[in-house]
Amino acid sequence: SVFVGSFTLEASEAVCNGAQDLEQSMLDGLTSLLDKSLLYQVEQGAGEPRFVMLETIREYGLECLEASGETLATRRAYSMYYLLLAEQAEQHLASREQRAWLQCLEQAYSNLRMALSWLIEQAENELALRLGYALWHFWWMCGQVIEGRIWLERTLELPSQDSLALFRARALSAMGTLAGLQGDLEQAERLCQESLVMSRQLGDMHSIITALW
């Protein structure tokens, strides 16, 4: 019930059976729900099958999840899964596999957005900054620059800590790049300069190169 829109078997296993404590396999569980018409399978191009829960059932499921006292742990597992997915995808967006990973992110985007929103609401500063940075290429390539700037701004408004300097430096350069793409060159230069100073202090070559670029 925590998923928004469609999800995969892999996602459901990571979120719902991370502790390997279910009495049956996730595949058997999903099959049972499909047989009872509580889930349905959707086709979204080639690749792994995706599933959708009926909205009324989802709302009831969320109520049951809250009553069980497992909402926080489940939401965190959900957010971690989509953070790791976005970070994995980000590494491939400049490769020959670009199209496949873009499609993956597009299919998962409702859940990625929900995960980022939850991390910000929970003041999970490091995880929110990491997810915002992991998605900036996606926002750029899919023409969602305005939305990307809004999300990155929200992550950067979270309280700063010394331990978060690397993640803030990367998020600053990402937001600066998106600002530049919209012609907001003054803000772009300011953000990238701030990122460059932090990156040099950290000695992080990747962030230095990105900020200079």
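Student: What should the 14 residues of helix H3 (residues 55-68) span at 1.5 Å a residue, and how far apart are its end C-alpha atoms?

Tutor: This is a predicted model, and the values below are computed from it. At 1.5 Å a residue, helix H3 (residues 55-68) should span 20 Å, and its end C-alpha atoms are 20 Å apart, so the two agree.

Next, the sides of the helix. Buried here means under 20% relative accessible area, and the residues of H3 that are buried are Arg58, Gly61 and Leu65. These cover an arc of only 60° around the axis, which means they are on the same side of H3. The face turned away from that buried side carries exposed residues: Thr56, Tyr60, Glu63, Glu66 and Ala67.

As for the cover, strand S3 and helix H4 (71-90) are included in what lies over the buried residues of H3. After H3 comes Gly69, which has a positive phi, near 80°.

Strand S3 (residues 50-53) leads on to the sheet. S3 is joined to S1 by 2 bridges, and the two strands run antiparallel. Within that pair, Thr8 has Arg50 in S3 as its bridge partner. The open sheet has 3 strands in the order S1-S3-S2, and its pairing is antiparallel. Strand S1 (7-8) and strand S2 (39-42) are the edge strands, each pairing on one side only. Another helix, H2 (residues 26-35), lies across S1, S2 and S3, and runs at about 100° to S2.

Terms used: Residues are numbered from 1 along each chain as its sequence is written. This is a predicted model: local features need pLDDT of at least 70, side-chain atom pairs count only at pLDDT 80 or more; totals for chains, interfaces and linings use all residues. Side-chain values use heavy atoms; hydrogens and water are left out. Two strands pair if DSSP finds at least two bridges between them. Helices (H or I, at least four residues) and strands (E, at least two) are DSSP runs, numbered from the N terminus. Contact means heavy atoms within 4.5 Å. Axes are lines fitted to C-alpha atoms, for helices over the stretch in contact, and angles run from 0 to 180 degrees between N-to-C directions. The expected span of a helix is 1.5 Å times one less than its number of residues. Buried means under 20% relative accessible area, exposed over 50%, partly exposed in between (1.4 Å probe, protein chains only). The arc is that of the directions from the helix axis to the C-beta atoms.
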